[in-house]
Amino acid sequence: MPSPKNAMEIYQLLDKSNCRECGEKTCLAFAGAVFTGQKKLDQCPKLDRETIAPFSKDSESRKALEQERDETLQMLQDRVARIDLAAAAKRIGADFAGDRLTLKVLGKNFSVDSRGKLYADIHINAWVAGPFFDYVLNAKGFQPSGSWVSFRELSDGKERYPLFQKRCEEPMKKVADTYTDLFDDLVHIFSGRQVAKQFESDISVVLHPLPRIPLMVCYWKPEDGLESSLNLFFDKMADDNLDIGSIFSLGAGLAQMFEKLALRHGFPEAQTFR
Ligand code: SF4
């Protein structure tokens, strides 16, 4: 069985009795906790071994992936600790005061000090911390051009696009299909800005996961038997400021944040999961 792409897939495996034996108030909350790594699937006593077994292998490979990611983060942190932060702030247009470089991530302050330690007004998601370090270390500070391109049009984006679609665009579309307040929440919670409809989409919202890396989420509602669709667009200068791996990581991090947001605010089960 393939690895669950999102919390909804985990939810579909569950008994949906909301019996609370796992310590969570609902099966939906349990699914969210498993997806974010706070609980393990075998903590639901209603699941049989056959259902759990394929996911144990997944959790081993997920652990290996997490270890690799943590090592990369540590390496980036060490490198940040060796650079001149004040000069880096000047290069990328960030603030520098009291030994901290500060910039906005989704409208919230995100800082790093000269030891490489991070400070943020929001939960520090590892998928965002990596690109943040990369941006501080390597961004050239180019201003966005105002022209939007898809991920596959960025350099080295073509080969990675199938995975980007699977990890970012598909889970985001699933959330957008069911969580109707998503785009309003993106505007209010993540300081997004709704812009004139682009590419004939029904809704377009621009977010700033990093100051000079704007990202536009475009959503097309289902219509006349056609499925809905969702695509992300980046400024065409994005790959001049940030490595394609970090741009991928930002998309994956955002997809996870969308899912958490949707789970936290809950959605009507009947519409969402059946
Ligand atoms: S123990 Fe299983 S069935 Fe009961 S609430 Fe938790 S996840 Fe749902």
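**Terms and the values behind them**

In β3, Val112 is the bridge partner of Leu101. The model is a predicted one.

Q: What makes β2 and β3 a pair of strands?
A: Two strands count as a pair if at least two bridges are found between them. Six bridges join β2 to β3 (residues 108-113), and the two run antiparallel. Six bridges set against a requirement of at least two make this a pair. The hairpin of β2 and β3 has two residues between the strands, and Leu106 takes a positive phi near 50° in it.

Q: How do you know that β1 and β2 pair, and in which sense?
A: Strand β1 (residues 95-97) and strand β2 (residues 100-105) share three bridges, in the antiparallel sense. The rule asks for at least two bridges, so the pairing holds. Asp95 stands opposite Thr102 in β2. This hairpin also has two residues between the strands, and Gly98 takes a positive phi near 55°.

Q: Why are β5 and β6 called edge strands?
A: The order of the open sheet of five strands is β5-β9-β8-β7-β6, with antiparallel pairing. β5 (148-150) and β6 (193-194) each have a single partner strand, so one side of each has no neighbour in the sheet.

Q: What makes β6 and β7 a pair?
A: Two bridges join β6 and β7 in the antiparallel sense. Gln194 has Val205 in β7 as its bridge partner.

Q: How do you know that β7 pairs with β8, and what joins them?
A: Six bridges link strand β7 (residues 203-210) and strand β8 (residues 213-220), in the antiparallel sense. With at least two bridges required, the two strands pair. Ile203 stands opposite Tyr219 in β8, and Val205 stands opposite Val217 in β8. A hairpin through two residues joins β7 to β8.

Q: Why is β7 described as largely enclosed?
A: A residue is buried when its relative accessible area is under 20%. Seven of the eight residues of β7 are buried, so the strand is largely enclosed by the rest of the structure.

Q: Why is helix α2 described in the words "largely enclosed"?
A: In helix α2 (residues 27-35), eight of the nine residues are buried, so the rest of the structure largely encloses the helix. The buried residues are Cys27, Leu28, Phe30, Ala31, Gly32, Ala33, Val34 and Phe35. Just after α2, Gly37 takes a positive phi of about 85°.

Q: Is Thr178 buried or exposed, and why?
A: Thr178 has a relative accessible area of 13%. Buried means under 20%, so Thr178 is buried. Thr178 belongs to helix α6 (residues 157-178). Thr178 and Val80 are 98 residues apart along the chain, and their C-alpha atoms are separated by 40 Å.

Q: Where does the ligand sit, and which residues surround it?
A: The ligand takes up the space of the largest cavity. Asp15, Ser17, Asn18, Cys19, Arg20, Glu21, Cys22, Cys27, Phe30, Cys44, Pro45 and Lys46 surround the ligand. Six residues of this shell are nonpolar, two are polar and four are charged.

Q: What lines the second largest pocket, and which element gives the largest share?
A: Lining residues have an atom within 4 Å of a grid point. Those of the second largest pocket are Lys108, Ile122, His123, Asn125, Ile189, Phe190, Met257, Lys260, Leu261 and Arg264. Helix α9 (residues 244-265) gives the largest share, four residues. By class the lining has five nonpolar, two polar and three charged residues. The space in this pocket is about 250 Å³.

Notes. Residues are numbered from 1 along each chain as its sequence is written. This is a predicted model: local features need pLDDT of at least 70, side-chain atom pairs count only at pLDDT 80 or more; totals for chains, interfaces and linings use all residues. Side-chain values use heavy atoms; hydrogens and water are left out. On a 1 Å grid over the protein atoms alone, a cavity is a set of points where a 1.4 Å probe fits but cannot get out, and a pocket is an open set with protein on both sides within 12 Å along at least five of seven lines; lining residues have an atom within 4 Å of a point. Grid points are joined across faces, edges and corners, and a volume is the space filled by probe spheres set on the points. Ala, Val, Leu, Ile, Met, Phe, Trp, Tyr, Cys and Pro count as nonpolar, Asp, Glu, Lys and Arg as charged, and the others, Gly among them, as polar. A residue is near a molecule or strand if one of its heavy atoms lies within 4 Å of it. A molecule sits in a cavity or pocket if more than half of its atoms lie within 2 Å of its grid points. Buried means under 20% relative accessible area, exposed over 50%, partly exposed in between (1.4 Å probe, protein chains only).
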